[in-house]
Amino acid sequence: MRFGGLLAVTDLSFTASRNDITALIGPNGAGKTTVFNCITGFYKPTEGRIALQSGDAQVWDELEALTDRGTRTLHRGTGALFLLERMPDYLVTQKARVARTFQNIRLFPGMTVLENLLVAQHNGLMRASGFTIFGVLGFPSYARAESAAVEKARYWLDRIGLMGRADDPAGDLPYGAQRRLEIARAMCTEPVLLCLDEPAAGLNANESAELGDYLRAIRAEHATSILLIEHDMSVVMGISDHIVVLDHGQKIADGSPEDIRSDATVIAAYLGVEESEIPET
Amino acid sequence: MPAKASTRLGLAHALRDAAITGLIAFGLFLPLIGFNTVQNIHNELILETRWPLLATLVAVIAAGRFAYSLLIAAWGDRPISGPRRARKLTGWVSHLTSRITPAVLAFAILYPALALWLTGSQGAVKWIDNFGVQILIYVMLGWGLNIVVGLAGLLDLGYVAFYAVGAYAYALLATTFGLSFWILLPVAGCAAAFWGIMLGFPVLRLRGDYLAIVTLAFGEIIRLVLINWVPVTNGYAGISSIPRPTFFGIPFNATDEGFAARFGLEFSPIYRILFLYYLILSLALITAAMTVRLRRLPLGRAWEALREDEIACRSLGINTTNTKLTAFAMGAMFAGFGGSFFASRQGFISPESFTFMESAVILAIVVLGGMGSLLGVAIAAVLMIGGTEIMRELDFLKMVFGSDFDPTQYRMLLFGFGMVLLMIWRPRGLIGTRHPSILLHSGEPRTLFPRARNPAVAAPLQPEPGA
């Protein structure tokens with residue numbers, strides 16, 4: 001990814017496997033958020049390929065064919081293959097089912113907590129309302145779809161402990177609750193890959209521990225893989241199956257938490273001195 | 001005694017405030033009011049001084065400031081628009097809104113009967129046409145613009161362009177092809193919606209101030225086209241003898257085929273006026289019903305989400321392009337309906353009816369009313385348009401200020417004064433509270449003050465009704 005003369009991310013290749021929690025770490029300015037923006041379609045990478053496969057794994061074999069064909073999606077039976085770098089941002093969520101959260105929380109602050117969760121189910125509800133036409137005419141099919149959507153919102157409200165505040169503006173919630181709500185809102189889009197940009201930022205130690213449990217539970221109960229950027233090493237080391245380390249836009253390490261903990265390049269990138277000890281985290 | 005001390009402090013403070021204000025007023029009004037140039041009989045320009053007038057003005061302003069400062073001191077140190085007070089007021093307003101709406105609706109329906117009863121058939125024409133119909137046109141335009149500005153958060157300064165498109169679409173098609181009002185009403189709406197989308201495409205990437213500038217330019221482009229495309233629009237001269245709306249084919253005239261003759265009534269212009277009144281009332285109510293309905297549909301929620309955070313919308317898989325274009329199209333469509341009604345009511349239209357001032361008035365109605373609030377917009381329209389019309393009626397002021405005093409000249413002054421006051425007391429508009437489009441806890445009684453304002457009260461989980 002190049003911005004004018006600045007090469008923000010280069011020579012980066014990694015895999016976030018299904019049902020894994022993959023962490024993307026690195027010092028400030030390493031290009032982590034840029035990678036996220038490329039994956040979720042907010043930036044168009046100047047070169048490179050970002051492929052997402054869901055369903056039947058067989059379809060992965062056709063990746064090169066899809067790349068050469070110049071189209072962006074391929075469906076074979078239950079399997080689907082998406083070339084994310086070719087899709088606009090909203091289609092990445094709508095079709096490829098990649099959801100994301102933001103480093104600085106981006107809720108709809110004036111809308112209620114429940115409305116936030118319903119907006120996340122926009123595409124399904126839009127179809128159910130016959131692209132507004134049936135909805136305006138008051139067809140019962142839309143009423144059914146809406147109560148199903150409210151049920152789903154109710155489930156997530158229960159999960160994040162905000163049932164009692166469902167009718168309050170999202171902007172009135174305390175910071176930690178806003179973070180949980182943003183993740184729940186992303187989950188309402190039923191993603192196969194959930195991208196979290198610093199989910200533990202601004203949380204206290206207690207809340208960070210709860211976040212770890214919350215993410216593990218999400219992974220276990222929904223067929224959702226997680227990719228997260230995080231600076232809080234206690235969270236990263238505690239929940240990740242796989243860690244990718246980025247520095248100056250390049251991958252410097254890739255492996256299990258244990259490997260990364262003892263990796264000399266990583267220590268050098270973080271502390272600037274090769275000989276120093278790993279911080280006790 | 002501390003209370004007395006604070007009063008004395010307040011008095012000193014108020015005096016100082018008044019002195020400063022008086023000084024500023026003196027500096028400001030010295031050149032404006034203190035000196036006056038007049039021509040004498042020899043056609044010479046001479047300078048006159050008006051010290052008494054200047055002194056009176058400065059004294060009035062200083063006294064006003066003194067009273068104001070003292071009032072604040074008497075109220076204690078409570079800030080005027082402190083969050084607590086605002087919250088209390090907000091609770092009241094949202095409570096009142098739900099009670100008032102049916103009453104307002106009933107009044108709107110019964111208004112012509114009331115006017116007829118109070119002023120008789122002759123006098124009622126003025127009250128129904130100049131007040132009722134005129135206000136309702138702006139209520140409808142306000143509600144239409146509310147979709148674009150209030151819900152979708154797209155600041156549109158050229159809304160009058162779509163009003164013009166609707167009016168000219170009706171006028172041109174009716175005079176050229178002789179099509180009826182009822183066929184052309186949807187056609188005008190579609191034409192305006194089409195131009196709404198046309199405007200929408202180039203401005204998709206713009207937000208806030210930049211969007212406002214481009215929409216402003218768009219409004220001017222449409223007006224200039226109407227002025228300069230003489231072969232079609234007849235330029236400044238406008239289009240005249242536009243067919244009046246008929247009662248489903250029966251014209252309102254004095255002939256044997258006319259409305260009065262058909263129904264065995266004595267001919268009177270009042271029937272046409274009544275028909276126009278109820279026509280624009282139904283058009284406005286359709287706009288309101290659509291808005292209320294759309295807010296509860298995913299499209300309406302997406303509009304509001306777009307207003308709150310566009311990037312978050314995109315991250316949730318919402319196609320923001322389509323969402324914005326539908327908002328522009330929907331808002332423009334209602335302006336088109338309003339425009340075709342306007343053209344058929346006036347019987348004559350020219351580009352002068354579609355100046356930027358109109359856009360500004362409609363936007364002011366939406367902002368003063370409280371963005372997103374239908375009742376607030378209606379109240380603001382009544383105040384602004386009704387207020388202007390009322391000023392034409394204040395003939396007794398001529399006795400006070402002399403015969404060449406025209407109260408309507410002071411319209412903009414009062415308008416600006418009202419705007420400043422409102423921005424101080426209710427910065428979010430008359431009704432600035434937002435009603436959630438859906439409530440989870442609808443089973444519980446609505447309390448006067450919204451629950452869970454105090455986190456300590458809100459924290460314990462409420463048992464779910466029916467869950």
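I count two strands as paired if DSSP finds at least two bridges between them. The model I am reading is predicted.

**Strand 8, chain A: pairing**

I looked up the neighbours of strand 8 of chain A. With strand 9 (residues 225-229) of chain A, strand 8 pairs over five bridges, in the parallel sense. I noted A:Leu194 opposite A:Ile226 of strand 9.

**Strand 8, chain A: burial**

Is strand 8 of chain A enclosed or open? Five of the five residues in 193-197 are buried, so I wrote the strand down as largely enclosed by the rest of the structure.

I then sorted the residues by direction. In a regular strand, side chains alternate between the two faces of the sheet. A:Leu193, A:Cys195 and A:Asp197 point one way, A:Leu194 and A:Leu196 point the other way, and all are buried. I note that A:Asp197 is among the buried residues.

**Helix 12, chain B**

I checked the length of helix 12 (residues 320-346) of chain B. At 1.5 Å a residue, its 27 residues should span 39 Å, and the end C-alpha atoms are 39 Å apart, so the two values agree.

For burial, I found 21 of the 27 residues of helix 12 buried, so by the cut-off of 20 or more other C-beta atoms within 10 Å the helix is mostly covered. After helix 12 comes B:Gly347, with a positive phi near 80°.

Conventions:
Residues numbered from 1 in each chain as written. Chains lettered and ligands numbered in written order. Predicted model: local features only at pLDDT ≥ 70, side-chain atom pairs only at ≥ 80, totals over all residues. Helix = DSSP H or I, 4+ residues; strand = E, 2+ residues; numbered from the N terminus. Expected span 1.5 Å × (residues − 1). Buried ≥ 20, exposed ≤ 12 C-beta atoms within 10 Å, placed from the backbone.
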